[in-house]
Structures are given as structure tokens and as C-alpha cells.
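Student: I would like to go through this model residue by residue. Please set out the terms as they come up.

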Amino acid sequence: MKLTLESIQLTADDLKDEAARHASAQEIYSPTAPKPPIAQFGWRDRWWLNNSAAQQVAINYWFFASHDEACTAADEGRLRLSALTVPKFGGRASVYQPPATDEHALGDIVWQVGANFLFVHESVVVLVAEIGKKVSEETTLRIAQKIREKINSALLSE
């Protein structure tokens, strides 16, 4: 099976432990747009957790033609994913930084800020981001790991 949105997108059933309600969905541009690499397709789902609009999670999925394009887009695009930056020698850097340890095992490349996870697996870039600092890191990590599992399942059925 080719990786498609339908093959990796989380559903209400996947998020039943979080008492999730699908709030909205929309097609989105590449994290590097208008610069290359441009995603073949991008999608965002917003979920309310624990039956509360105050506990929101946005899940962004971007599909690229290759693993290299996905890695480049995620790395270059992470500066655009948040207005926050961190100081670095000679300037500023994205607030999305590699986690201190690789215990998350989400993908080939992982960046994190607080409870938000950006990762690349195969030719897909995924961002799981909480909105409003009301969702725990454990919850967003669990959601990100479910997406990773769905990607792996889709790849195994090819």
C-alpha cells in the first residue's frame, strides 16, 4: 500500500482513550512554501480532547516525493512552524530542537518543543502540536506514536 493520508490519519477510534472529538480539517501548504521542497499534499486535523475545546491538538501531515525532501522540508520549515526562537551563536534558531534523548523513537529525525513533536518517517513529515498549553507531553507523544505505528503498518502492507 502506498502511503496515503487515509492510511496514516488518526480517527476518533484511534483517539478514543483521549475522548477526542474531531473539530476541523483543512488542506495545508508545505512547511517550506513557497520555497522547495513543496509537499505533494498537506493536511491538518484539529481535535478536542477530553470533550473540551480547551484541550486542543493539531495534527499536520505532509507527504513528499522522497525521504530526502521530507527531511529538508521539516528541517527548513521548523522555523516557520512557531514564531518562537532560541538564541544561537550568531543569531536565532527554531524553537523546535532535537530532544535531549532519542527515547521517543518517532521517526528518522525528531524535533520537540514542550509538548509539540515534529518528525520525519519515510517520506512523511508529521507535526503533533497542542494548543494553549493544556495538553500534556505524554498525551501528544502517545498521539505521535500512534501515527508512527500507522505509518509502519501501511509500509508493511505494501
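Tutor: Buried means under 20% relative accessible area, exposed means over 50%, and partly exposed lies in between, with a 1.4 Å probe and protein chains only. This is a predicted model, in which local features need pLDDT of at least 70 and side-chain atom pairs count only at pLDDT 80 or more, while totals for chains, interfaces and linings use all residues. Residues are numbered from 1 along each chain as its sequence is written, and side-chain values use heavy atoms, with hydrogens and water left out.

Student: Are Lys 146 and Glu 18 buried or exposed?

Tutor: The two residues form a salt bridge, with the closest N and O atoms 3.6 Å apart. A salt bridge here is a side-chain nitrogen of Lys or Arg within 4 Å of a carboxyl oxygen of Asp or Glu. Lys 146 is in helix α3 and Glu 18 in the loop between α1 and β1, 128 residues apart. Both Lys 146 and Glu 18 are buried.

Student: How are helices and strands assigned?

Tutor: They are DSSP runs, numbered from the N terminus. Strands (E) need at least two residues, and helices (H or I) need at least four.

Student: How many salt bridges does a search of the whole structure find?

Tutor: Side chains of opposite charge can pair when their charged atoms come close. Lys 150 is in helix α3 and Asp 14 in the loop between α1 and β1, 136 residues apart. Over the whole structure, the number of salt bridges found is 5.

Student: Which backbone oxygen does the side chain of Lys 150 reach?

Tutor: Contact means heavy atoms within 4.5 Å. Leaving out residues up to four places away in sequence, Lys 150 touches Ser 7, Ile 8, Gln 9, Leu 10, Thr 11 and Asp 14. At 2.8 Å, the side chain of Lys 150 reaches the backbone oxygen of Gln 9.

Student: In which strand is Trp 111 found?

Tutor: Trp 111 is buried, with a relative accessible area of 5%. Among the residues it touches, not counting those up to four places away in sequence, are Cys 71, Arg 78, Tyr 96, Pro 98 and Phe 117. The strand, residues 109-113, is β6.

Student: Where is Pro 37?

Tutor: A cis peptide bond joins Pro 36 and Pro 37, with omega about 0 degrees. Another cis peptide bond joins Ala 33 and Pro 34, with omega about 5 degrees. Pro 34 is in the loop between β1 and β2. Pro 37 lies in the loop between β1 and β2.

Student: What is the phi of Asn 51 near?

Tutor: Asn 51 is in the loop between β2 and β3 and counts as exposed at 64% relative accessibility. Its phi is positive, in a residue other than glycine, and is near 55 degrees.

Student: What is the phi of Glu 122 near?

Tutor: Glu 122 is in the loop between β7 and β8 and is partly exposed at 36% relative accessibility. Its phi is also a positive value in a residue other than glycine, near 60 degrees.

Key: A polar contact is a pair of N or O atoms within 3.5 Å; within protein, one must be able to donate a hydrogen and the other to accept it, and residues adjacent in sequence count only if both atoms are side-chain atoms.
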